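Below is a short note for a reader who is new to this structure. The points are numbered so that each can be checked against the model in turn.

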Amino acid sequence: MKHIVSILMENEPGALSRVVGLFSARGYNIETLTVAPTEDRSLSRMTVVTSGSDEVIEQITKQLNRLIDVVKVVDLTESPFIERELMLIKVRATGKEREEMKRMADIFRGRIIDVTDRTYTIELTGDGQKLDAFIDALDRASILETVRTGSSGIARGERVLKI
C-alpha cells in the first residue's frame, strides 16, 4: 500500500542524507521525495512516498524518530489528507496539434506557461493519478520532456505537523 510520510526535521547539513540512508540501508524504496524549509527556517519538511504494509511503515516511522535530526514523523495516509504534485511537460504543438494540446491542458486545468512555434510547456498540478491520466491521454510521440516534483502532502482539517 502507498503511504505518504511527512517528516519535520532540523534544517542542517547531512539531515537529508541520513533519512535517505535509513531507507536505503533497510531496503525500503522511496517512490518520491520532496523537501524544503518551513516557515521556521531552522526546520525543513520532507515528504516521502513509499510502499509497504502497515507494519513496515510503522517500523520506518519508529526508525525515523530515532534519528537525531528528526523532530516529528506522521504517516499522512492514516487520516484524511491533501496531496499535490507539480508537473511541467513540454509537448510538440504544430499545426492541428496546437489546438488539441490547448484543449487537453484546459480539460485537465493545466496552464500553458511557454509557447514557441513548435512546442507548448504545460504546468499541471494535482495528485499523481491526475498527472498520470494527462500523460496517458496524450500521444506519446508528442511528449518531448517531462519533469515532476513528487508529492507534497498536508493533513486535512486542524491536524498539523508542528513542534
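**Notes on the predicted model**

1. Leu16, Leu33 and Val35 make up a nonpolar surface patch, and their accessible area together is about 210 Å². The model is a predicted one. Val35 belongs to strand β2, residues 30-37. Val35 counts as partly exposed because its relative accessibility is 40%, which lies between the limits of 20% and 50%.

2. The largest pocket has a volume of about 290 Å³. Its lining consists of 19 residues, and Leu8, Thr38, Glu39, Arg45 and Leu161 lie nearest the centre. Two or more lining residues come from each of β2, β3 (43-51) and β9 (152-155). Strand β2 gives the most, with 4 residues. By class, the lining has 9 nonpolar, 5 polar and 5 charged residues.

3. The model has 10 salt bridges. One of them joins Arg18 to Asp69, with the closest N and O atoms 2.5 Å apart. Arg18 is in helix α1 (residues 15-25) and Asp69 is in the loop between α2 (54-66) and β4 (70-75), so the pair ties together parts 51 residues apart in sequence. Arg18 is partly exposed at 37% relative accessibility, whereas Asp69 is buried at 8%.

4. Glu85, Asp132 and Arg148 are linked in a salt-bridge network. The closest N and O atoms are 2.8 Å apart between Glu85 and Arg148, and 2.7 Å apart between Asp132 and Arg148. Asp132 lies in helix α4 (residues 128-137) and Arg148 in strand β8, so this pair ties together parts 16 residues apart in sequence. Glu85 is buried, with a relative accessible area of 8%. Arg148 is partly exposed at 31% relative accessibility, and Asp132 is partly exposed at 37%.

Key
Residues numbered from 1 in each chain as written. Predicted model: local features only at pLDDT ≥ 70, side-chain atom pairs only at ≥ 80, totals over all residues. Heavy atoms only, no water. Patch = residues over 30% accessible without salt bridge, like charges linked within 9 Å, V, L, I, M, F, W, Y side chains within 5 Å. Areas by Shrake-Rupley, 256 points an atom, 1.4 Å probe, with all protein chains shown as cover. Salt bridge = Lys/Arg side-chain N within 4 Å of Asp/Glu carboxyl O. Buried < 20%, exposed > 50% of the residue type's maximum accessible area, 1.4 Å probe, protein only. 1 Å grid on protein atoms, 1.4 Å probe; cavity = no way out; pocket = protein on both sides within 12 Å on 5 of 7 lines; lining within 4 Å. Points joined across faces, edges and corners; volume = space filled by probe spheres on them. Nonpolar A, V, L, I, M, F, W, Y, C, P; charged D, E, K, R; others polar.
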